[in-house]
Amino acid sequence: MKKTFALVVAAALLAFPILAYSAPVKIGFINSITGKEAQIGENLTNGATMAIEDLKAKGIQVELVKEDDGGDPKNALAAYEKLVTRDAVMGVVGPYTSGCANVVASRADQYQVPLLVPAAAKEEITMKGYKNVFRLNAPANVYSKVLMDAVKAYKPKTIAFVYAATDFGVSTVKTAQENALKMGLKEVANEKYQQGQPDYRPSLLKVKALNPDLVFLVSYDADAILLMRQAKEIGLAPKAFLGAGAGYTTAQFAQQTEISNFVVSATQWTDDVNWTGAADFGSRYKTKFGKEPSYHAACAYEAIRIMAESASKSKNPASLRAALKAGSWSGIMGSVKFADYSGFTNQNNHPMLVQQIQNGKYETVYPAPFSKKKLVYPFKR
Amino acid sequence: MSFLQPLLSGILTGGVYALAGIGMSLVFGVMNISNFAHGDLMMLGMYLAYFAFTLLHIDPYLSLVLIIPTAFLFGYVLEKLFINRVINHPHQNQILLTIGLGLIMSNTALLAFTSDPKILTTSYSSSAFNLPGGISISVPLLLSFLITCVIIAILYIFLSKTTTGMALRATSQNREAAQLMGINVAKMSAIAFGLGTALAATAGALIAPTYYIHPLAGHSFLLKAFTICVLGGLGSVVGAGVGGIIIGVVEAMSSTYLSSDWKDVVVFVLFLAVLLFRPQGLFGKMGGQS
């Protein structure tokens, strides 16, 4: 009796790794499905959905365990802990916001399960030397750098900052201030605001009175529309509005042509860039979801693809980490390689793009190798 | 920059806050219930205005004629179905019920309308009057303020001159005594909740052309409505009106002279100071109902 039992156990133990190998790869996905960032979260979800379908077509079965953080870091951490302890996932993609990603990143080395951050920009996330944290998108300093490089040739002299009091807003503006200093720009106003307020006029009026050449904005989705609407109302018209990512890169913002025309923004991705499959991804996304993809969708798509392809070839989280560290990929986000450079660890040195809304459409205007249109400067109503 | 600009801008924004606060205060006064679904009722008003504008092509301000009765009816039914069951229960039960109703409303909206914020752009959405001295007044904000004034005036006449209005006030002052005097307090509760809902929806519709419409948009106004109610004195309609304007002006002033990041700090320090020196609020009655 004892012998048979031992045999059964031995057989089960032998069978288990084989079963685990042929079973679909299990990956966690933490995203802001509800809460303030839900609109952008939906783009990430759509991108992930498309990635799963494409992987299936390639013969890679993925079981994606989705968790919602509602934009709240403590929910994101709970989600990560649940994914690694209860669901025993190979790796985790997400979370979306900088605040959430930063907190989850700090725990990844403790649980030894790789985390691939698709679109959070706060620099600190990949600056602490965490072995299990990888980031696909470019960090916050690149947002401001690429935007200022784009307008450098026009020799602006003064700059005003208007931004959301979030991790993303504060860290982007901090590096923007350093870049502004290097360019010899004079900072005339620094307006940090709490999100979701109905009235930004007092801050904008203050900025208008100082008449800066550049107005640098960092906002999430709807606040961007509100700010630009009130900016038009009070007649704020600098030489250029520079919007760093997020709210200034959504299709909905571009549709509001009356207020959004000629706004310049930094983005991780556009569908007219010459990266492999970018245009194809854009058109398939439009057919499937009936709207333009934002860069978040592309980031999520590529992050899930990289994570799943690497995980399908790895046996456990430790070998997955090694595979992510050693591998290189080429796809809709250009070439991807997680490298260690200038203080960053496992950071993809992603080149950002500058786009400008021209007649309701985002046109890539900088850097020159990726762009077809020219920047309209100065800004006009 | 002129001192008048933030003052005017604050008064105009405060008008809409006041409307949200008055609805909540009325419900609290008559029913002694803190309505945590108030923000979500505002959100419904925003969507009603949005759909009236996009589907029926009615100007958001004109659509109030449709929104007010619809919202009143909705509130009336809501009270009859759910709220009146907890009217004599402890506060925590009432809070759970209204929070629950709010969650159902916002999440249904999230499912039905998705989380994409809707933008209601009218021809005057980003236009302004320019007064001498470099002062600009937002056209939609001014219209909202004027409509708010008209609605508050009508509400005032209703509460002070009509039989139903007087019965509502009597119920608010002392529920049991009102019942003994032959007032149908159950009906008064339903009317109060209907009116509260109509006021919330109106506030939502008025803010829609200058704000964005989102299933969770009501939440930031819920906290404001509460602050306004407590500041003005819970249950006091006049207090809520004045409280709204005060909050609007303080916000505008502190964003202008300090930083917009600090405006909530200033608002809540002021709020705490009022509670410290006048615990019953600016226009509240001492003690209140037990």
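## Confidence

The predicted model scores ipTM 0.80 and pTM 0.78. Chain B has a mean pLDDT of 90, with 98% of its residues at 70 or more. Within chain B, the highest confidence falls in helix 3 (residues 64–81), at a mean of 96, and the lowest in strand 1 (residues 128–131), at 82.

## Nonpolar core

The largest nonpolar core holds 201 residues, and the members that touch the most others are Ile27(A) and Leu217(A). Helix 8 (residues 185–207) of chain B gives the largest share of this core, 15 residues. In chain A, domain 1 (2–138 + 275–348) and domain 2 (141–267 + 353–370) both contribute residues, so the core lies between them.

Beyond its neighbours within four places in sequence, Ile27(A) is in contact with residues including Val62(A), Leu64(A), Val89(A), Met90(A), Met307(A) and Ala311(A).

## Helix 8 of chain A

Of the 14 residues in helix 8 (residues 221–234) of chain A, 13 are buried. Gly235(A), just after this helix, has a positive phi of about 80 degrees.

Strand 11 (residues 328–331) and strand 12 (residues 334–341) of chain A run antiparallel and are joined by four bridges. Ser328(A) has Lys337(A) as its bridge partner.

Notes
Residues numbered from 1 in each chain as written. Chains lettered and ligands numbered in written order. Predicted model: local features only at pLDDT ≥ 70, side-chain atom pairs only at ≥ 80, totals over all residues. pLDDT = per-residue confidence, 0-100. Helix = DSSP H or I, 4+ residues; strand = E, 2+ residues; numbered from the N terminus. Buried ≥ 20, exposed ≤ 12 C-beta atoms within 10 Å, placed from the backbone. Core = buried A, V, L, I, M, F, W, Y, C linked by C-beta atoms within 7 Å. Domains from an automatic or database assignment. Contact = placed C-beta atoms within 7 Å. Pairing = 2+ DSSP bridges.
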